[in-house]
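Here are a few exercises to work through with the model open beside you. Try each task before reading its solution.

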Amino acid sequence: MSGRLAILGAGGHGRVVADAAEEAGWDCIEFFDDGQKGASGRWLICGTSTDLLESVQIYSGIVVAIGDNTVRQTWSDRLVTLDAKLATILHPRSSISKGAQIGAGTVVMAGAVLNDGVTIGAACIINTAAVVDHDTKIGDAVHISPGAILSGNVTLGSRVWIGAGAAVKNGITVGDDVVVGLGSALIRDVAQGSTVAGVPAETLKAKYE
């Protein structure tokens, strides 16, 4: 898609999002960040988050490139209240079924695979070479890290973080705000707010600890 794209968050993840957007055809990409000035890689930082909020209508699309799930969701929701157009960035070297549904503000990186019947919420990150198999349902502001694999019919709540290289067994349900450690093998359901890790994954931190 051609047009003028604003990216909130000029760190390393932001640069990867910008690269994916450029590959997808966005021809004018501008960063906004509260902690950096000048440039991020080969892209100009045009101002702060406040500057972006004051100029949302001039952009064909806006994407929040902040790794923290809660912060990313908060900013995305705020932009929606200002009638900003949240951009969905799909890297051309990802593989996305025509039967997959992807929410606004979500980014799908190179090498990711989304199979038939997959539903992805808003403001998610489907990172490099992640695999989301058939009929899996993912809530809002979820991050599926590089190389993670979700088998078929998995259900993830909102703001879940699946660590790099983790694998989730088919049919598993994961509650909101769960963290799954990198390289873990998740073979049973996980209650909201928990942190799990290991092979097989065990609970390290329960919701009310």
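Predicted model: local features only at pLDDT ≥ 70, side-chain atom pairs only at ≥ 80, totals over all residues.

Residues are numbered from 1 along each chain as its sequence is written, and side-chain values use heavy atoms, with hydrogens and water left out.

**Exercise 1.** Work out the strand order of the open sheet of five strands, and find its edge strands.

*Solution.* Start with the terms: strands (E, at least two residues) and helices (H or I, at least four) are DSSP runs numbered from the N terminus, and two strands pair if DSSP finds at least two bridges between them. Reading across the open sheet gives E8-E11-E14-E17-E20, with parallel pairing. At the edges are strand E8 (101-102) and strand E20 (173-174), each of which pairs on one side only. Now zoom in on strand E14 (residues 137-138) and strand E17 (residues 155-156): they run parallel and are joined by two bridges. Lys137 has Thr155 in E17 as its bridge partner.

**Exercise 2.** Decide whether Glu30 is buried or exposed, and list what Glu30 touches.

*Solution.* First place the residue: Glu30 sits in strand E2 (residues 28-32). Next, apply the cut-offs: buried means under 20% relative accessible area, exposed over 50%, and partly exposed in between (1.4 Å probe, protein chains only). Glu30 has 12% relative accessibility, so it counts as buried. Finally, look for contacts (heavy atoms within 4.5 Å). Leaving aside residues up to four places away in sequence, Glu30 touches Arg4, Leu5, Ala6, Ile7, Leu44, Cys46 and Tyr59.

**Exercise 3.** Find the two aromatic pairs and describe the geometry of each.

*Solution.* Phe31 and Trp43 are edge-to-face, at 6.2 Å centre to centre with 70° between the planes. Phe31 is in strand E2 and Trp43 in strand E4 (residues 43-47), so this pair ties together parts 12 residues apart in sequence. Phe31 is buried at 0% relative accessible area, and Trp43 is buried at 8%.

Phe32 and Tyr59 form an edge-to-face pair, 5.9 Å centre to centre and 90° between the planes. Phe32 lies in strand E2 and Tyr59 in the loop between helix H2 (49-53) and strand E5 (61-64), so the parts tied together are 27 residues apart in sequence. Phe32 counts as buried at 2% relative accessibility, and Tyr59 is buried with a relative accessible area of 3%.

Technical notes:
Phe/Tyr/Trp six-rings, centres within 6.5 Å; stacked < 30°, edge-to-face > 60°.
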